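Here are my notes on the strand pairing in this model. Please read them with the structure open.

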Amino acid sequence: MESMWFLVQNNEILPIIDKCSSFLKLQGVLAWCVRFKEKNPLQITTGNLTVAELCTALLCLVRKVQTVYFTTEIWCIERGQQLPDSINLLTLSPFSDERKILCVGGRLRHSNIPAEQKDPMLIPNNHLICDLIIKHYHFSYLHTGAEASLANIRTKFWIVNGRSKVKRVIKQCIKCLKVKVKAKGKNQMMADLPSARVSIARVFNKVGLDFCGPFLIKLIPGSAKKVYKCYICIFVCFVVRAIHLEIVSNLSIEAVLVKGEDNSKLLNWNLAKIVEVHPGTDDITRVVTLKTGKGVYKRPVTKIVKLPFNCN
Ligand SMILES: [Zn+2]
């Protein structure tokens, strides 16, 4: 306890930062120091840290870091002098607020956003606190990218030349690295295409199969209330990538291999007479013209079934 008291009394905050791996932990340690400094350490030793104590600790921390890293700027601003042109903070219009914290000026004075967002606290990019802040926001927002992390940080802090610094710190994040390594693996060279994909063949001679659905259909259009569940079987030609869709009653192999005109039972199919055949160039007939009681239709031979008895 004595050593902590001594640290705060002498403003020896910077060595504490070097020993902390987390921004929240650092803030907590300093908040405890602040509690001991401002109150009787013999009386106040228990109880959770308050928001006010954490805020005071943060201001104490930022103020100390700024005093060390922005000495010239603070000296000029306190005396109302113009900052030298050589100082790269000139474009940020820095000013010292009532808490003696160096903040970024700007043109948002009339905005209704929170004050700390309007005038974020300046943070040097070459001190460990900068790394801790970047990691804190990067982790808190579930490993966001550089731009998102920077935007989140700027709601409270302004890191000098922050973009490159944020990128550098995020590059060292182990979790992000693992994800990137995994993603790189996806870009490996693909194996040779199978012969079915690269050999010339008739359309739909070799196909791939997939399903989508389920869908609800009415077999009788109009006011019929009964609906049936169905799926769509997608045939993709390996050679020319043509697509053919078929309605099937379920996802079983039988439903795909038994070619049905619809989802109704075979017994309910319409009786028809073949009135014309349409052979292809190879003399193989794949399409026929049918005459049913409702009209004349063209149908693939796979959609017709020969009656299981001899008409003669
Ligand atoms: Zn990460």
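Which residue in β7 is the bridge partner of valine 236? The partner is isoleucine 243.

1. Ground rules. This is a predicted model: local features need pLDDT of at least 70, side-chain atom pairs count only at pLDDT 80 or more, and totals for chains, interfaces and linings use all residues. Residue numbers start from 1 along each chain as its sequence is written.

2. Terms. Strands are DSSP runs (E, at least two residues), numbered from the N terminus. Two strands pair if DSSP finds at least two bridges between them.

3. The sheet β5-β6-β7. This is an open sheet of three strands in that order, with antiparallel pairing. β5 (207-217) and β7 (243-248) are the edge strands, and each pairs on one side only. From one strand to the next, the twist averages 25° (axes are lines fitted to C-alpha atoms; angles run from 0 to 180 degrees between N-to-C directions). Strand β6 (residues 228-237) runs antiparallel to β7, and six bridges join them.

4. β8 with β9. Strand β8 covers residues 272-279 and strand β9 covers residues 285-292. They pair in the antiparallel sense over seven bridges. Histidine 278 has valine 287 in β9 as its bridge partner. The two strands form a hairpin with five residues between them. Look at aspartate 283 in the turn: its phi is positive, about 65°.

5. β9 with β10. Strand β10 (residues 295-300) runs antiparallel to β9, with six bridges joining them. Here the hairpin passes through two residues. Threonine 289 has lysine 298 in β10 as its bridge partner.

Note on methods: Helix = DSSP H or I, 4+ residues; strand = E, 2+ residues; numbered from the N terminus.
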